[in-house]
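Subject: Structure handover and findings

Hello,

Here is the structure for your files. Please open it before reading on.

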Amino acid sequence: MEIDYIENEVSLLQPAAVQRRRIRPVDDAHPFDLDAYISGYSGRTAFDRLVHIISTCPTLAPQALKLAFTQIEELRDPTLYQTAMNVYDAVADLPEVQLPPTSELCSVNTVWCEEVTKKNQAERTKLEVELKTYSNNMIKESIRMGHRDLGDFYRATGDYTQALKHYSKSREFCSTSQHVLDMCLSVLELVIEQRNYAHISSYVFKAEGALDTASAAAASNPAAGSNNVSSVPLPKKSAEREQVQSKLDFAMALFHLGQANYEKAAQFFLKIGSPDSLGDWIGKLVAPGDFAVYGTLCALPSMSRSAIKSQLTGNAIFSAYIEQEPYIRDLIQSYLSSDFKNVLELLERYSTRHYVDIHMYSHVYDLTNLIRNVAVVLYFQPFQTIRLDRMSAAFGWTVDEVEKEVVALIQSGQIQGRVDSQNKILKARKVDHRAELFARAIKTAAEIQSTNRKLLLRMRLQQADLVVKPPKSRREQDRATDILQGD
């Protein structure tokens, strides 16, 4: 399967109008601690997030660029220097942004670049020679490991296309289900780093199939042996399966998030196990606090309040993730207690935290609108009539903003009512449930009566022998067919 590599610059070097819409402030009203945030990540994802912060928060761009340059020297891809500088320069060119030039902040370590380039070239030659030797000797397991090592090398050096090619090639030489599972997990890490969500599901399904096969084989081994075989290894196998399943659940959650299927994404985020079950993916791909943000923002507009209470606040594992982002607990509690003004204030206050996330940023605007719409619908549910000024006080909006929001929800069918624009009153559409019940009963009775009349008419026609019979030749043909079928 060919997967196009998504360059980081593609989503960052955009026209000025698009960049202006994405720029987020960092101030007292929108707090964000860059050092504390980036400390939860390592490797390539730390660099990718710093580059995204440069493009999203010009206020933090100089600090993020310095951290990105520091992070580059822990990796093996010298081309990342140019990537970071291109993004910084693109932001600095915006008319409303004033940033110091790159030369005043940091410089490229050319000595390190030359050394790493030579080491990469030597290692690539070594791995290619080893793979060629294994191929000539037709050693299947060694060939698989050779492709795997080359995939790891190309991924570390930033050549994702070649990395995917070698990971996929290793599939042909997998001899056990565990090998297939390892290959799928390596590809999933790769496509998650690329943020290429469309191809996640196919490898998750392959991994689940390999996981089931490996688990079945592991379960059958003790049964095939002696009855005296100890059952001590079983909990270890169960823990390993839980670890793999948590990774697959996280991958599927990102897949549904990428497809804007927020309800499915929330379900998978809430299924993820403890941080220990994700192993080295914590830090390498995601931080524990991210699960609280992802799961909560996807759950609020797509799940009922009873489900939110039981699956978010009543979930011990997810509550541990919420502790990493304390404001998320306040957000959930305000939503459950119908304090929607505080909900919207929290969403706005921490919007910068949401926009700087590389997986969430393209969905923050839509999710915020969905949460606001659901909040208005829930607030109006108990009322037959309510003044718009009361709603404006409850949400912190002006009366005109409330009217505009309510009209949009009425037009979309989410609120069954109408607005008295002169008196600024929202009235629920009156529904006479008793009349509806009688109407349904009368309709059902009419249908039953019609059916009974048809049955009586059929019976009387049969009694009067007013039945059209088929021709004799047709009856003989049907009888012959019945005989043949009976034989």
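Predicted model: local features only at pLDDT ≥ 70, side-chain atom pairs only at ≥ 80, totals over all residues.

Residues are numbered from 1 along each chain as its sequence is written, and side-chain values use heavy atoms, with hydrogens and water left out.

**Overall**

The protein has 25 helices and 3 strands. These are DSSP runs, numbered from the N terminus: helices are H or I with at least four residues, strands are E with at least two. Of its 487 residues, 43% count as buried. Buried means under 20% relative accessible area, exposed over 50%, and partly exposed in between (1.4 Å probe, protein chains only). The accessible surface is about 26,000 Å², and carbon and sulfur atoms hold 52% of that. Areas come from the Shrake-Rupley method with a 1.4 Å probe; for residues, only the protein chains shown count as cover. Among contacts with a separation of 6 or more, 68% are between residues 24 or more positions apart. Contact means heavy atoms within 4.5 Å.

**Salt bridges**

I count 21 salt bridges in the structure. The criterion is a side-chain nitrogen of Lys or Arg within 4 Å of a carboxyl oxygen of Asp or Glu.

Start with R49 and D357, which meet at 3.1 Å, N to O. This pair links distant parts of the chain, 308 residues apart. R49 is in helix α3 (residues 43-56), while D357 is in the loop between α20 (351-355) and α21 (364-380). R49 is buried at 0% relative accessibility. D357 is buried too, at 1%.

Next is R155 with E189, with closest N and O atoms 2.8 Å apart. R155 sits in helix α8 and E189 in helix α10 (residues 177-194), 34 residues apart. Both count as buried: R155 has 13% relative accessibility, and E189 has 9%. Shared partners join R155, E189, E193, K247, D280 and K284 into one salt-bridge network.

K169 also bridges to E172, at 3.6 Å between the closest N and O atoms. K169 is partly exposed, at 36% relative accessible area.

**Aromatic rings**

There are 15 aromatic pairs. Rings of Phe, Tyr and Trp (its six-membered ring) pair if their centres lie within 6.5 Å; planes under 30 degrees apart count as stacked, over 60 as edge-to-face and the rest as tilted.

F250 and F291 are edge-to-face, with 5.4 Å between centres and 85° between planes. F250 is in helix α12 (residues 233-258) and F291 in helix α15 (residues 288-299), 41 residues apart. Both are buried.

F269 and Y294 have centres 5.3 Å apart and planes at 45°, so that pair is tilted. F269 and Y294 are both buried.

Ring pairs also link Y335, F340, Y379, F383, F395 and W397 into a cluster.

Two charges sit over rings. K206 has its charged end over Y203, 4.7 Å from the ring centre. R349 does likewise over Y350, at 5.8 Å. The test is NZ of Lys or CZ of Arg within 6 Å of the ring centre and within 35 degrees of the ring normal.

**Single residues**

T296 is in helix α15 and buried at 0% relative accessibility. Beyond residues up to four places away in sequence, T296 touches F291, L312, F318, I328, L331 and I332.

A84 lies in helix α5 (residues 80-92). A84 is also buried, at 0%. Leaving aside neighbours within four places in sequence, A84 contacts F47, V51, L65 and F69.

M138 has a positive phi, near 55°. M138 lies in the loop between α7 (110-137) and α8 (140-156) and is exposed at 66% relative accessibility. A260 has a positive phi of about 60°. Its place is the loop between α12 and α13, and A260 is partly exposed at 40%.

Regards
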